[in-house]
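Dear colleague,

I am passing on the structure below, which you have not seen before. My notes on it follow.

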Amino acid sequence: MQENRIEVDRSAQDGVAVLSVQGEHDVYTAPSITEQVDALIEERVPFVIDLTPATFVDSSVLRVLLEARRRADEEGVGFAVALGQDDSGAVRRVLEVTGLIPVLPVHPARDAAMQAASSGHGSE
Amino acid sequence: MTSAVSLRLPARPENVAVVRQALTGLGDAYDLDADLLGDIKTAVTEACNNVVLHAYEETEDGLMEIDADSDGVGARVLVRDFGAGIQPRSIAVEERTLGLGLPLIATLSRSFNIRGRSDLGLEVEMVFAPRDYDGFDPLHDERAPRADHPIDVPRAAEMLIQPGPLVAPVTSRVTAILAARADFPLDRLADAVLVSDAIAAHASEYISGRDVGVEISDDEGSLNFRIGPLDTGGAQGLLNQMEVPGLGQSLERLVDEVTVERGDSAVATETGGAEYLALRIGKG
């Protein structure tokens, strides 16, 4: 069974932090993701939420992603979402059926997401 | 409906993942298509979120029931609560899931049905099947939530599983997530799954009801199994059979406590059985 974890890496390039969401996340763990997002926005650190290692997210996590985008926009903090290159999987499926891929927006590669967050254009 | 797997759990956020693991076990047993299983887990999670967030007052420990069945191609899952039923909701509560639960259920299921009455709880029944498959039964006749249903809330996961190949994958998946939740180190988590597999291999021979009943709880650094109701003498019989494959008579080394309980239960009374085998595994 894959471990369900949330990790924040602040040592990545261009001062962009990566919040890595690993394994399954739902209504129980969504508040923990919110806590990390709130801390990054308060510190005005541009960041990427990387869903590449996530195997499951529910609508509670989608709400966290949308709320992160809204707050990052308001505070002028760079923000983007990375989903990975895999065209299948439950996480991509839930983002597709809810129509959130262009809304967030979602980048297939982490590097592209980091570049977008760094330039402050990740959520435009 | 005769369910292959029935689960009863306290309606708490941490238990929605337990439901997903049980469904994964069902998917493993029936070799369900991975994408279909993903849709089932997403839709059922949303139905469970509805129970966890909306069915009961925050101070109330309510009951969440799940019935699941599969024919190897499609699946049918029913999520039931005994809470306030359909009530007007405040925006603040709805905000936690964006109100996306029902649209996701509608999009990902082949068909779904919501039944409920004020103060009698709510049932969400979902059928999942590939687009080109017509073999799976349609939704069964409408059935209102049962007001006379016993609404005692179990301490953790209570399962009734159809005897046969379903028992091992469902119990081992649920065992693993509860052991992980109780912070078991990997070696003790593996021990707990070995015990779960040993239970699954032989419990069917001693059950006094139709299904294999297994309750698993994670209390104070321990995992507690309670298997039954069993036929009279069944607890000792099951214990004798539970040699862990490849390890010989080593059950004593894996579990910290073995108890045979003799208790009342509606099923036991009906069938003559009245025994439960209780095993406690500490995290070491």
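In which helix of chain A is A:R71 found? A:R71 sits in helix α2 of chain A. Please keep in mind throughout that this is a predicted model.

From A:V27, A:R71 is 44 residues away in sequence and 20 Å away in space, taken C-alpha to C-alpha.

A:R71 also takes part in a contact between two helices. In α1(A), the residues A:A30, A:I33, A:T34, A:V37 and A:I41 meet a set in α2(A) made up of A:S60, A:V61, A:V64, A:A68, A:R71, A:A72 and A:E75. By class, this contact has eight nonpolar, two polar and two charged residues. Helix α1 of chain A covers residues 30–42, and α1(A) packs with α2(A) at an angle of about 10°, the axes being 10 Å apart. The two helices therefore count as roughly parallel, since angles under 35 degrees are put in that class.

Next, the two chains together. Between them, 17 residues of chain A are in contact with 24 residues of chain B. On the chain A side, the elements that give two or more residues are α2 (59–75) and α3 (90–97). The largest share of that side, five residues, comes from α2(A). Sorted by class, the chain A side has nine nonpolar, three polar and five charged residues.

Chain B has nine helices and 10 strands. Of its 284 residues, 49% count as buried. Among contacts in chain B between residues at least 6 apart in sequence, 73% join residues at least 24 apart.

One helix of chain B can be checked for length. Helix α6 of chain B (residues 186–202) has 17 residues, which at 1.5 Å a residue should span 24 Å; the end C-alpha atoms are 25 Å apart, so the two values agree. Buried residues in α6(B) include B:L189, B:D191, B:A192, B:L194 and B:V195, and also B:S196, B:A198, B:I199 and B:A200.

Which residues have the most contacts inside the largest nonpolar core? They are A:V48, A:V81, B:V5, B:L26 and B:L178, in a core of 125 residues. Helix α2 of chain B (residues 34–55) gives the most to this core, with 10 residues. Leaving aside residues up to four places away in sequence, B:V5 touches B:A22, B:L26, B:A68, B:M159, B:I161, B:L166 and B:V170.

Last, some backbone details. Most residues other than glycine have a negative phi, and most peptide bonds are trans. The following are exceptions worth a look:

- The peptide bond from A:L104 to A:P105 is cis, with omega near -15°; A:P105 lies in the loop between α3 and β6 (106–107) of chain A.
- The peptide bond from B:G228 to B:P229 is also cis, with omega near 5°; B:P229 is in strand β8 (residues 222–230) of chain B.
- A:R44, not a glycine, has a positive phi of about 55°. A:R44 lies in the loop between α1 and β3 (47–50) of chain A and counts as exposed, with 11 C-beta neighbours inside 10 Å.
- B:E220, likewise not a glycine, has a positive phi near 45°. B:E220 lies in the loop between β7 (212–219) and β8 of chain B and is exposed, with 8 other C-beta atoms within 10 Å.

Regards

How values were computed:
Residues are numbered from 1 along each chain as its sequence is written. Chains are lettered from A and ligands numbered from 1 in the order in which they are written. This is a predicted model: local features need pLDDT of at least 70, side-chain atom pairs count only at pLDDT 80 or more; totals for chains, interfaces and linings use all residues. Two residues are in contact if their C-beta atoms, placed from the backbone, lie within 7 Å. Helices (H or I, at least four residues) and strands (E, at least two) are DSSP runs, numbered from the N terminus. Ala, Val, Leu, Ile, Met, Phe, Trp, Tyr, Cys and Pro count as nonpolar, Asp, Glu, Lys and Arg as charged, and the others, Gly among them, as polar. A residue is buried if 20 or more other C-beta atoms lie within 10 Å of its own, exposed if 12 or fewer, and partly exposed in between; C-beta atoms are placed from the backbone. The expected span of a helix is 1.5 Å times one less than its number of residues. Axes are lines fitted to C-alpha atoms, for helices over the stretch in contact, and angles run from 0 to 180 degrees between N-to-C directions. Angles under 35 degrees count as roughly parallel, over 145 as roughly antiparallel, 65 to 115 as roughly perpendicular and the rest as oblique. A nonpolar core is a set of buried Ala, Val, Leu, Ile, Met, Phe, Trp, Tyr and Cys residues joined through C-beta atoms within 7 Å.
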